[in-house]
Structure formats: C-alpha cells, structure tokens
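Dear colleague,

Please find the structure below, together with its sequence.

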Amino acid sequence: EDAIKHITIQSTAETIGRDVVVAIKGVGRGQNSFTLDAWTDIFNGVSAASRTLSETLPVGTPVYTPPVSEGGFVYTITAGNEDGDFVIDGQTGVVSVSSNGLDYERTTAYSLRISGQSLSLACMNGFLDLRIDVRDVNDNPPRFAQLPPVIFVAENTSINTAVLTVLATDPDGTISYALLEGPLRARRSTASHFRIDASSGIVYTQDNFDSETQPFYNVTIIASDNAVPNPLTASVSVMVSISAVPCARGTFSTTGTHPCSTTEACAFPAEYESIPATASMDRVCLG
C-alpha cells in the first residue's frame, strides 16, 4: 500500500488548452508497470447547462452546442432521451430537435446527459448534463365528442328543458361554450329558441315551438379554450327537428297539432276535415 500514490493535477487558466505530461519516477520495489487513471474535462469546465424551448420549435432546429475545444471526439446522448425527441451530431455535439418534435402535453422537461469520447485515447472522456424545459403554446383547438347529426324536440316541450349536452376537450385551456343559432328553411324570422350553459355545455329550450311555423333549427355550438393571449375555437352544428304533437281530445287548432286551444276554430267540431296524415298540411274548416 505504501507504493500506491495518488496524484492530482488541476488545470488553471494558464494551462487550459496545453498538453499535460505526467512523468512517473520511483515505481514501487519489484514493479515494472503501473496504471494511470486520468479524468479529463473535455467541455471546458462546463458540467451543466439549461435551455427553455417552445413546443412549436421546428424539427431539426439546433437547441444546444456544447463548449468543445477540439475535434477528434465522438458525442452521444447517453441518458434522458428515451423517446428520441432529440438527436446529436456525433462530430460537433450539437443537439437538435428530432423528427418527433416537441409537445408540452407529452413531455414538459428533459434531463439529457451529453457524453464525449476521444477517438484516440480511451481515458479521455467526459459528460455534461443538459436540462431542457418545454414552454407550453396554445397549439390545440378544442375537440368535440361525437354528436348525432339530428335531434328531435317535441313542439310542446317546456321552456328550460335540457335537450342536448355537448362535450369539448382541450389540453391547453378551460372550455367555455356559446351558441350560434338560426332557422333552417324558415317561413319567417324567429328569435333564439335555445340557450347553452357556458360551463357545462347543456343546451336548453328558451321559447315555445310550432312545427308548422318552424320545423327545423340549425344550432351551432362554439367552444373556446380561453387561452391567453390567443384563444382557439372550434364549432359543431346539430339540426334540431321539431316534432308535431297532436292536440289532445277536447282541444283544437287549425292544424290539429300544437299549439292547441279549447276554443273551437269552426262553428262545430264536425265541420273539421279529418286530421291530415302529416302535420305540415293545414287542417281547415269545411265550408
């Protein structure tokens, strides 16, 4: 054990970039060989670095260049790149975004280890740790769950009845809903017959219906992710078909369907024509 010697060589500002020669004298008695372990600093004193990158950074963009002073090395990413989101130039050590691209919703941060190895000296190697934080960008518009193309609402449906629930998701923000509504094949202009709860996405009725006056509505739901400063929106449309409802016994209308009244439109009920097969045809009094 007395023959084991530990030698520490520390570089200074004056010796950086110069060759280091170690001469060994006085090898232990009976020894004609020895082992020299050398720890080298190939990254010029840099052991760690960090970068913050936008998730929309284009594929192939260089994101980090290690401070290497000379050639003759091969560089690899030896940890933290299990999904292959980065590539490294083996000759220069430059790290770039791979064809995978970056996605904050997939990975928010990376801890990469960049290793360098001399091509001529096995003992000349080193590494540095690179921390990469991914900055979230509002790059995902809301997505709606599948909806039926048509829903049916009876013309005697009460006001404030829930008739439809929509659901949209967005990883970049909190969803809110609004309505765009207009008549389809309208016989006359109509006010809005529906409203939507901005938080839940539940659509309610807010007026009375008459299938003969307005048989269909085209309801468009707008979803916004409310991201700051640039919110994204998406829309989906649903046709609402207003179903005719026959008048109950003892009530009357000129069409035989809602809206109905207890007041007879003709002098005598017998003067009514028979109720037509479809409610789209007016029921009239006999002359």
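Are Phe86 and Tyr110 buried or exposed? Both Phe86 and Tyr110 are buried, where buried means under 20% relative accessible area and exposed over 50%, with partly exposed in between (1.4 Å probe, protein chains only).

Please bear in mind that this is a predicted model, in which local features need pLDDT of at least 70 and side-chain atom pairs count only at pLDDT 80 or more, while totals for chains, interfaces and linings use all residues. Residues are numbered from 1 along each chain as its sequence is written, and side-chain values use heavy atoms, with hydrogens and water left out.

Rings of Phe, Tyr and Trp (its six-membered ring) are taken to pair if their centres lie within 6.5 Å, with planes under 30 degrees apart counted as stacked, over 60 as edge-to-face and the rest as tilted; by this rule there are six aromatic pairs. The ring centres of Phe86 and Tyr110 are 4.9 Å apart and their planes stand at 90°, so this pair is edge-to-face. It joins distant parts of the chain, since Phe86 lies in strand E4 (residues 86-88) and Tyr110 in strand E6 (residues 109-118), 24 residues apart; strands here are DSSP runs (E, at least two residues), numbered from the N terminus. Ring pairs also link Phe43, Phe73 and Tyr75 into a cluster.

Strand E4 also belongs to an open sheet of three strands, in the order E2-E5-E4 with antiparallel pairing, two strands being paired if DSSP finds at least two bridges between them. Strands E2 (62-64) and E4 are at the edges with a single partner strand each, so one side of each has no neighbour in the sheet. E2 pairs with strand E5 (residues 95-97) in the antiparallel sense over two bridges, and Ser96 in E5 is the bridge partner of Pro62.

Key. Helices (H or I, at least four residues) and strands (E, at least two) are DSSP runs, numbered from the N terminus.
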